[in-house]
Amino acid sequence: MFDAAIVGGGVMGCATALELAAGGMSVAVVERRALGVGASGVNAGTLSLQIKRAALVPYALKGLALWRTTSERFGVDVHYRQTGGLTVAFTEAEAEILTQRMGERKAAGVPLEIISGERARAIEPGLSAAVRVASWCAEDGYADSTATGRAYRKALLGAGVTLREGEEVTRIERHDGSFAIRTPKGSLEARRVVLAGGAWLGGIGRQLGVELPIHWRVNQVSVTERMARAVKVIVGHAYGLLTLKQSDNGTTLIGGGWQGKGDPEQGPVEIIPDNLVGNLRLALYAVPALRQTRVVRTWLGLEANVPDLMPLVGPVPGIENAFVIGAVRGGYTIGPYMGRLLGQSILGREPELPLFNPGRFNTVRAEDRAPA
């Protein structure tokens, strides 16, 4: 019998497991594939404060601080780089939106400034001459998302956490004050369960009688072949349609929320060619030197969200000792800290910052509520 079972092995599930293990609990993580290969491993790795909603800025600041020390704490190089980031505007309308949004984020604590196009090009000479205005945040950076699973696996094993990778949860049962987690390879029992399944939270929740209003975005990300240094900072766009960075090996990652299509529960997901072309055209417009390279691969990453676009982090109302964590926009940056907060709460401690009540959506069916 484990003290807690975490269903889902992405950043948020793994971070929760680490916090619980550090607090003395026996913990198991059950993941249908391998740790960190879902959204946590296929995103572009951007760690930018500028693209976070103002309400989430305090959490993003804490999350970024954790990423800075991840390689040292976990003993695995996640290739964290603090490059600084520029978010650019090409038109008057874009400049107005940029100034408004960044003003809200600066008021929330993001250390940024609005600068002219000339100054932006002085910081990043690779930028297009069409940039009129930009915001600059020296704290922005990135990590190698493909190293996420390796880093957390080592940290979890070192903390004594049991890993059940390659096991899809097919049923979650409640009985005698505990939970039975069923998989084709066997079952495990736990006194507490944490649902951390990302874009698959809806289906996992229904196994427990929980109706979570999960929607998802099918984000497209591309990588180029290697080329000479074209850009040294993270480049974003005022409308959130671009995130671009060049890694140490010369490849450039290009994303920005351009959508593919598909259903993560029914599958498969597919690239939308017109959206891919639109993303690449914007990247070329922002950094003209990219015309000298070619895209070698495009893939899709699934990002969960709920109607109010705020996270689900906290206890499931009506089901004692059941918790959920997910639907965090910008979850790669914020996820490690969200896991820490939920872990603190489960351990009976007062979290440093407030959680995000899953009960605001009336998440539990009446027939599945605990008896009075």
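**Exercise 1.** Identify the buried residues of α5, and determine how they are arranged about the helix axis.

*Solution.* Step 1: buried means under 20% relative accessible area, exposed over 50% and partly exposed in between (1.4 Å probe, protein chains only). The buried residues of α5 are Glu-94, Ala-95, Leu-98, Met-102 and Arg-105.
Step 1: viewed down the axis of α5, these buried residues fall within an arc of 100°, so they line one face of the helix; the arc is that of the directions from the helix axis to the C-beta atoms.
Step 2: an α-helix has 3.6 residues a turn, so residues three or four places apart point the same way.
Step 3: on the face turned away from the buried side of α5 lie the exposed residues Glu-92, Glu-96 and Ala-107.

The model is predicted: local features need pLDDT of at least 70, side-chain atom pairs count only at pLDDT 80 or more, and totals for chains, interfaces and linings use all residues. Residues are numbered from 1 along each chain as its sequence is written, and side-chain values use heavy atoms, with hydrogens and water left out.

**Exercise 2.** Is Thr-333 buried or exposed, and which residues does Thr-333 touch?

*Solution.* Step 1: Thr-333 belongs to helix α10 (residues 331–346). Because its relative accessibility is 1%, Thr-333 counts as buried.
Step 1: contact means heavy atoms within 4.5 Å. Not counting residues up to four places away in sequence, Thr-333 touches Thr-46, Leu-47, Ser-48, Lys-52, Ala-60, Gly-63, Leu-64 and Trp-67.
Step 2: the side chain of Thr-333 reaches the backbone oxygen of Thr-46 at 3.4 Å.

Note on methods: Helices (H or I, at least four residues) and strands (E, at least two) are DSSP runs, numbered from the N terminus. A polar contact is a pair of N or O atoms within 3.5 Å; within protein, one must be able to donate a hydrogen and the other to accept it, and residues adjacent in sequence count only if both atoms are side-chain atoms.
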